Every structure is written in structure tokens, then in C-alpha cells.
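Here is a short briefing on a structure that may be new to you. Take a look at the sequence and the model before reading on.

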Amino acid sequence: MSNMSVPKAPRIWQLAERRYRLVGSKCLKCGRLFVGLRKVCPQCKSTEFEYVELSRRGKIYSYTVIRAPPMEREKYGPYIMAIVELDDGCRLTAEIVDCSSEEIDIGTEVEATFRKIGEESESGIIYYACKFRPVVKGV
Amino acid sequence: MRGDVAVIGVGMTKFDEHWNKQLRDLFVEAALEALDDARVDLKDVKAMFIGNMGSGMWVEQEHLGPLLADYLGIPGVPSLKVESACASSGMAFRLGFMSVAAGLHDIVLVGGVEKMSDVTTGESTHHLATAADREWEAFYGVTFPGLFALIARRHMKQYGTTREQLAKVAVKNHKHGSYNPKAQYQRAISIDDVLNSPLVADPLRLLDSSPISDGAAAVIIARSDIARRFTDTPVYVLGSGTATDTIALHDRDDITILRSVVLAAKEAYSMAKVEPEDVNLAEVHDCFTIAEILAYEDLGFVKKGEGGRLIDEGMTELGGKIPVNPSGGLKAKGHPVGATGIAQVVEVTLQLRNEAGKRQVSNAEIGLTHNIGGSGASCVVHILGRSRR
């Protein structure tokens, strides 16, 4: 099987800090937050940004269970994917872990947790980034 | 621009799993059929635009422009591949239209082609997901069915759209597909069939999803003032619109609205000087059942949130007020992604020429095509008419 489109190490390293620490971009003019680094705001066209750590807690905006995964994740399926709306208003796409799909719904409170996403090959580098898990009340 | 360009010939392969044909074979088959239909000689083709999403990934062949001109026997002719994910050939049609309307070329071949069945389903799923945001969506494991499932769940939550309403879209399109000899699936299915099919990305099931397909489609377009030299039934391009939206679904304020569709439709309606209620039939991009519900709303056939009601009332079936996807749509006709946009133009042209056989929409004067890329990050809409108006 061809492995040509799986991300390669240099590309992964470029994004490591943003993914490990959930660094996003805050538009200094309109205040809108985005995952990753931006230089121009699609909302107000400002080029003034600061790079900030995004909130690590939020709520599920929508979710699904991936039962037909892409080739690089076939051994992980089925798994839950969601759009999470963070407490600071930023939305991002993430896997929901440590629960079954029956235990969550739109609105379920979740928090970031640092996890393995995948690996390049048996001898290649391992990818890490944030997934989210339901907040356990009273802990 | 309105009415300055006409479709004078159409062709397409059957959409199917073509185990014994290559990408170039499929394209040439569709192109020769279109040339024959238009009664245009190869030497009169002045340019080619080819929609294709991912030949570099699926068959490890890029540079399709010259490859396909060469294999069509016209090396030397300007020929360009156009990519906009699943909207690639709708966009190619737009570029062909622009080149003829601008006076650059008088006769142009616009095609679309995809060869998807040479790889595993997991590989195809991976390749399709490159149309999402690779770094911030696909990397984490979301797939295309997954993105549309996220939309479906919000639509159900916000507007009360039901699982059965989604199923009815697939049932309708399979019924239509049973009348189309070029459809991949020419058999009817029931609501229970859909609801009992395996889950792909909850709440979407296998029979909510368009298949993985091989196929090609082609049309010949020409300046309207010379169109009648070739055909008695030119079909005119009345309106053309295209737009984009954020690449990532999570960056949109409300994921139940595909803003690219709203903007592209506005441009196309405005150029054509028609309203949504003037449209007699539409070929829309039902990659998943929820996508057809969104199309009803974002194209202005009903208000936002009322798409489910439209399918319940049977308005979009053959014989209804506005038949949608008489070809069977992506669901039943098949979805070789780069060929879909031109296949939609082929169907609307046949309908407006009154040549659609058992699936003919009666008294069709104006037809619309709606082709989206990714989770709606790009959209192209065309409005075609029997008369130049």
C-alpha cells in the first residue's frame, strides 16, 4: 500500500508547538480566535495578531463516530470525532476519548488531554496532539 | 455573458467500478461520445479543461491536461487540469464558459474524470479527506462522511430534521437511478434498507453515502452564435456562480449553512435573471443525504431548516414541483469525484433537450447544477436554459 500522503516528520515538527500546547491566533482588532497561526483575519481583515494558548476546556458542538477510518487510522477505529467549542469561543476538531458515544451529547463538557494520534511507521516518529475527554464532575 | 455560451454535445461513461479501464480510457470514451453528439470534428476543439480531484493520489498520474489531449489525439491543443476537490469539473465548466464568453476560444471541450477503484477503501477515504483541512481536521482522524455527519447532527438538533427524512433522499435518488442506464446502482431501495444499513459515521449510514466510483463525463461548449451550425437543440448557459468558504468546518459560525452555496447561487441567479422558483429541475451534490437537504435550503428552494419538509412532501421527486437529481444523483448514479460536475451538466442538458427517457422531467425549460467541493469550502452553480432568453 502506498504511504505517500501520510505526513512526514519535518511537517509534523513544524506544527508540534501549536498542537502540543494548543496555540492559536487571536485577532487584536475583532478578538476572533483561530486554531493554528494566521496572519490575516478572515473576519475583519486585520493583520494584527497575538499568539495565545487556547482554553483547554469546552463543550461538544457536534460529534460523530468514525466507523470507516482513513488508511493511516484503520487500526484505531471506531472512534469519536467532534467539533469542540472551547470556553474562550474558539472551535476546533478533535477526537473524544475515555468514554463511549452513548455517554456524550451536544453540550457535554470536555477537557483537553495529551495523546498519541498516530505514527509514521513501525520505526518512524510518533505523532502527538490534544484529544478531549468528558469532564468528570467533583474531581 | 448570459446566454453567450451553449452546450452543443454531451457524453459520459457509465459510472461504475471499471476494473478493466484506465483513467485515460474513461476520459477518451466520454469525450468521443460528446464530440459525436455535437457533430464536432476533433480538429475544431480549440481548448480543453479537465476537472479531476486526485489523479496524483489515486493513480499516481498528474499532468492530466497534456496526457488527455494526447490520448484524445489532439496534442498541441491547450489543455488544463482544474482541481477543486469534488467540485473540480463544475469549476472546469466555469473556466470553459469564461474562455468562450471572453472570446478566447469558440469551441471548447470540458471534461471530468476520476479513477478511484484501484485502491482500498481506506486509501480512498484518506485521499478524499485531503479536501478538508489536512493540518487541523483530517490529521486528527475526521473523514468526509464524518464532516457531513457533524453537519447532520447539528441540522437534526437545530431544525428537528429526522433520520427518516435523510433516508427518503436516498430512496428517491435510487428510484430515479433505476431509470438511468448509466447509473452505478439501477435499483430501488426502501427506507428500512437505509435505516438498517451499516453506520459509517453516526448518524449517517452506508446508504446515506454516495459510492466510490470510476467514470468520466464530457461536454462540448461553443459560442451561441455558431451553436446551431452543430445542433438543433443547443442548451444555453444562463448563469454561472462560484464561491468559497472556510476550509475547516469548525471555523464556520453555523455549520448547517454552506455559505459558498448561498453566494454561488446568488451570483448564478443574478446573471441568469431567474429566481429559485423558476427552476424546473436541479442536479445537486448529494454526496451524503444531508447534503441534498442543505442544497434545498441554500439554493433557496425552501427556507433554512425546512429541507426535511420538502422531501416529506415529495416535491423533489420526478413528477413533483421541482424534481431534484432525476439522474439518480451522486447517491445512485455514482460519484467519481472529478467527473460529477460535468455529469450534472450532461443530465440537465439531456433533460432540457427532452432526451432523458424514462426519467424525463416534463416541460423542462430551466435546469440548475450544484457542485460542492469538500465540506462546502467551494461551490459552483450553473443555470442552463432551453432558450437564450
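The lining of the largest pocket has 18 nonpolar, 12 polar and three charged residues. Keep in mind that this is a predicted model.

**Largest pocket**

- The volume of the largest pocket is about 690 Å³.
- It is lined by 33 residues, and the closest to its centre are Thr121(B), Ser209(B), Ser210(B), Pro211(B) and Ile212(B).
- Helices H5 (121-129) and H6 of chain B are the elements that give two or more residues to this lining.
- H5(B) supplies the largest share of the lining, with four residues.

**Second largest pocket**

- The second largest pocket holds about 290 Å³ of space.

**Aromatic pairs**

- Over all chains, there are seven aromatic pairs.
- One of them joins Phe114(A) and Tyr128(A), with 5.7 Å from centre to centre and 15 degrees between the planes, and it is stacked.
- This pair links distant parts of the chain: Phe114(A) lies in strand S7 (residues 109-119) of chain A and Tyr128(A) in strand S8 (residues 126-134) of chain A, 14 residues apart.
- Phe114(A) has 41% relative accessibility, so it counts as partly exposed.
- Tyr128(A) is also partly exposed, because its relative accessibility is 33%.
- Phe144(B) and Phe148(B) form a tilted pair, because their ring centres are 6.4 Å apart and their planes are at 35 degrees.
- Phe144(B) and Phe148(B) are four residues apart in helix H6 (residues 144-159) of chain B, so about one helical turn separates them.
- Phe144(B) is buried, with 8% relative accessible area.
- Phe148(B) is buried too, with a relative accessible area of 0%.
- Ring pairs also link Tyr127(A), Trp136(B), Phe139(B) and Tyr140(B) into a cluster.

**Charges over rings**

- Phe139(B), a member of that cluster, has the charged end of Arg19(A) over its ring, 3.4 Å from the centre.
- In chain A, Arg91(A) lies over the face of Tyr61(A), 3.8 Å from the ring centre.

Notes
Residues numbered from 1 in each chain as written. Chains lettered and ligands numbered in written order. Predicted model: local features only at pLDDT ≥ 70, side-chain atom pairs only at ≥ 80, totals over all residues. Heavy atoms only, no water. Phe/Tyr/Trp six-rings, centres within 6.5 Å; stacked < 30°, edge-to-face > 60°. Buried < 20%, exposed > 50% of the residue type's maximum accessible area, 1.4 Å probe, protein only. Lys NZ or Arg CZ within 6 Å of the ring centre and 35° of its normal. 1 Å grid on protein atoms, 1.4 Å probe; cavity = no way out; pocket = protein on both sides within 12 Å on 5 of 7 lines; lining within 4 Å. Points joined across faces, edges and corners; volume = space filled by probe spheres on them. Nonpolar A, V, L, I, M, F, W, Y, C, P; charged D, E, K, R; others polar.
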